[in-house]
Amino acid sequence: MDYRYLAELLYPDVKHDYEYYESLYPVRNLPEGAKVTRIAPSPTGYVHFGSIFPALVSERLARQSGGVFYLRIEDTDEKRKVKGAIEDIIKSFDYFGINFDEGVTLKEQKGNYEPYIQSQRVEIYHTFAKKLVSEGKAFPCFCSEETIENDKQLQAKNKEMIGYYGKYAHCINLTCNEIEKKIKDGKKFVLRFLPDEVTKNNVTVTDLIRGAVTITDDNTGRILIKSDGVPTYHFAHAVDDHLMRTTHVVRGEEWLSSVIFNMQLFLALGFKPPKYMHISTLMTIDGVRKKKLSKRDKGSGLKEYIKNGYAAESVVEYVLTLLNSNYEDWRRANPELHWSEFSFSIKKMGSSGSLFDFAKLNDVSKNVISNMTALDVYNRLIAWASKFDKEFYEKLSYDKEYAIVVLSIGRGGPKSRKDFAVWSELRHYMSFFYDNWFEITDKINEKFSSADIIAALKKFASCYNENDTQDIWFGKIKDIAASLNYCPDMKLYKQNPEAYQGNVGDISMFIRVAVTGRINSPDLYTVMQVLGKERVIVRLKSYCI
RNA sequence: GGCCUGUUAGUCAAGUGGCUAAGACGCCGCCCUCUCACGGCGGAGGCAGGGGUUCGACUCCCCUACGGGUCACCA
């Protein structure tokens with residue numbers, strides 16, 4: 001068999017020798033130890049929450065080592081392409097502060113290794129496919145889908161390995177003439193891989209997270225180039241990551257079992273394989289069972305988190321705690337630092353899949369937000385509201401200073417309040433600070449007589465002075481309490497609750513409900529200061545009507 | 001089903017032959033306190049099961065059970 005002739009027959013349009021591309025995309029000039037990583041999503045829909053894991057790991061590895069992190073779009077499946085998906089990918093990662101040194105952007109592609117979109121690289125793939133054919137390492141296959149399907153059924157029935165090999169590799173012995181004739185007849189073909197050696201042995205490969213992993217040798221004649229001339233994932237991966245000089249491939253564990261095939265391909269192409277890291281799948285709980293977090297699950301889309309109002313840092317922070325178990329300790333020790341200051345370690349990564357935990361995410365998020373300044377919170381909140389809550393946005397932008405004052409309540413210092421985890425909760429939290437949103441939503445327990453309530457409110461209304469210090473302010477409440485036989489001292493009250501109608505806390509509660517509409521609120525004194533005397537009095541009086 | 005891979009409290013997890021088995025979230029209680037939140041203190045709760053190896057196993061080996069992955073002209 002004249003492989004060179006065959007290669008020419010199969011890929012007559014290839015213009016360049018593969019060496020052309022080797023020199024067009026030279027080895028990167030980077031310091032020793034610098035890692036080149038990428039994420040390579042396919043534009044088949046919205047970005048999955050799980051995508052942020054490999055993205056973050058890749059980003060950290062590259063940035064921490066002075067390397068390069070880039071975005072490549074793997075759009076080799078025409079059928080599954082979704083319009084707008086690329087834009088969605090870029091915007092989603094941007095929201096979470098994950099930026100790329102090279103690759104696809106909203107405007108153009110940047111970097112010296114372009115194109116970074118696989119559908120624009122077909123000629124490159126064909127060049128290397130041609131090389132493989134000319135070396136007898138790949139061959140064309142003209143089998144119909146029915147043939148393949150029948151073989152598969154038979155193999156399944158006989159409990160044989162499924163694939164295109166041995167007696168099932170019908171096209172492997174086609175002569176050059178036969179192939180030439182089929183091509184002249186306009187027959188489509190796929191290009192299949194013929195492994196160098198068919199060993200059928202178990203091979204041990206190294207995964208940076210899992211260590212030595214044993215995988216069975218792959219010799220199933222897998223497809224390299226589909227009949228439409230576009231490569232499959234594995235072939236594109238080998239060519240691209242070699243030519244783009246990727247050093248570390250970080251991907252989900254669903255790829256683990258194909259590492260061996262990847263290795264074979266790199267070897268056959270004469271490439272040095274990258275190092276692999278397979279991240280365990282994020283799980284979710286379905287009733288009592290753990291299962292892979294899939295696109296159908298609630299909380300699987302990155303966009304949902306944006307829409308619900310999770311701060312970018314909250315999500316990153318949470319993911320980092322899952323990725324590196326010592327992250328939380330570091331965060332406690334360094335509350336002021338940005339997450340990128342953390343020194344990320346591959347060694348600290350676990351190899352079993354973790355379960356997504358909303359409670360934990362929310363806790364992390366509350367901490368993140370409690371560490372922000374009021375201005376910070378305001379800026380992010382309004383950015384969120386401008387997209388997802390127009391009415392709220394209007395209020396926030398109408399009086400920025402006021403909103404910031406409201407957001408300042410209980411903020412700052414080591415005991416900063418932790419009232420909310422997502423921006424969408426702020427609307428309710430802040431609502432009573434706006435007159436047309438204010439409403440009494442909580443009821444005062446019926447055990448208190450309305451006469452007492454009214455009396456307390458009226459007394460307070462008549463003596464409230466917004467220039468009072470907090471001590472004087474509270475002293476007045478205590479006086480009111482005493483006058484109504486509500487114990488002004490909590491400790492005394494607890495010793496003998498029967499002796500009183502209630503306590504000073506109850507009086508405060510009456511006032512709180514009248515002023516805020518709620519049983520619970522941040523510090524009442526401060527709330528009143530923010531609302532201003534006029535509104536406080538109006539609310540106190542209107543409650544009495 | 002074959003092959004691969006994993007299993008420390010409800011969840012995330014330290015831990016690499018010798019400790020009363022860290023910590024965080026959640027839960028419960030107490031304290032602080034005008035409520036809530038915060039903070040402080042305390043509590044319940046765990047090495048999947050069975051065999052080995054060893055003076056000694058959460059740690060090493062085997063088996064079982066139970067998760068997860070993969071077996072496409074999808075990535």
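Biologist: Leaving aside neighbours within four places in sequence, which residues is Lys 182 in contact with?
Modeller: This is a predicted model, and in it Lys 182 is in contact with Phe 142, Leu 174 and Lys 187, once neighbours within four places in sequence are left aside. Lys 182 itself is found in helix H7, which covers residues 176-184.

Biologist: Which loop holds Asn 485?
Modeller: Asn 485 sits in the loop between helix H19 (470-483) and strand E14 (486-487). Asn 485 also has a positive phi, near 60°, without being a glycine, and its relative accessible area of 35% makes it partly exposed.

Biologist: Changing topic, which residues does a cis peptide bond join?
Modeller: A cis peptide bond joins Glu 114 and Pro 115, with omega at about 0°. Pro 115 belongs to the loop between strand E4 (109-110) and helix H5 (122-134).

Biologist: Now the helices: which residues of helix H4 are buried?
Modeller: Helix H4 runs over residues 85-95, and its buried residues are Ala 85, Asp 88, Ile 89, Ile 90, Ser 92 and Phe 93. In general, an α-helix has 3.6 residues a turn, so residues three or four places apart point the same way.

Biologist: What do those buried residues of H4 pack against?
Modeller: They pack against strand E1 (36-39), helix H3 (52-64), strand E2 (68-71), strand E3 (102-104) and helix H10 (302-308). H4 is followed by Gly 97, whose phi is positive and near 75°.

Biologist: Where does Ser 314 lie?
Modeller: Ser 314 is part of helix H11, residues 312-323, and it is buried, with a relative accessible area of 0%. Beyond its neighbours within four places in sequence, Ser 314 is in contact with Leu 361, Val 364, Ser 365 and Val 368.

Biologist: How many disulfides are there in the whole structure?
Modeller: A search finds 0 disulfides. Take Cys 176, whose sulfur is 14 Å from the closest cysteine sulfur, in Cys 171, which is too far for a bond. Cys 463 is in no disulfide either, as the nearest cysteine sulfur, that of Cys 544, is 13 Å away.

Biologist: Last one, zooming out: how many helices and strands does chain A have?
Modeller: Chain A has 23 helices and 15 strands. Its radius of gyration is 33 Å, well over the 24 Å that the globule rule gives for 545 residues, so chain A is more spread out than a compact globule. Along its principal axes the C-alpha trace spans about 110 × 50 × 45 Å, and 50% of the 545 residues count as buried.

Conventions. Residues are numbered from 1 along each chain as its sequence is written. Chains are lettered from A and ligands numbered from 1 in the order in which they are written. This is a predicted model: local features need pLDDT of at least 70, side-chain atom pairs count only at pLDDT 80 or more; totals for chains, interfaces and linings use all residues. Side-chain values use heavy atoms; hydrogens and water are left out. Helices (H or I, at least four residues) and strands (E, at least two) are DSSP runs, numbered from the N terminus. The radius of gyration is taken over C-alpha atoms; the globule rule is 2.2 Å times the number of residues to the power 0.38. Buried means under 20% relative accessible area, exposed over 50%, partly exposed in between (1.4 Å probe, protein chains only). A disulfide is a pair of cysteine sulfur atoms within 2.5 Å. Contact means heavy atoms within 4.5 Å.
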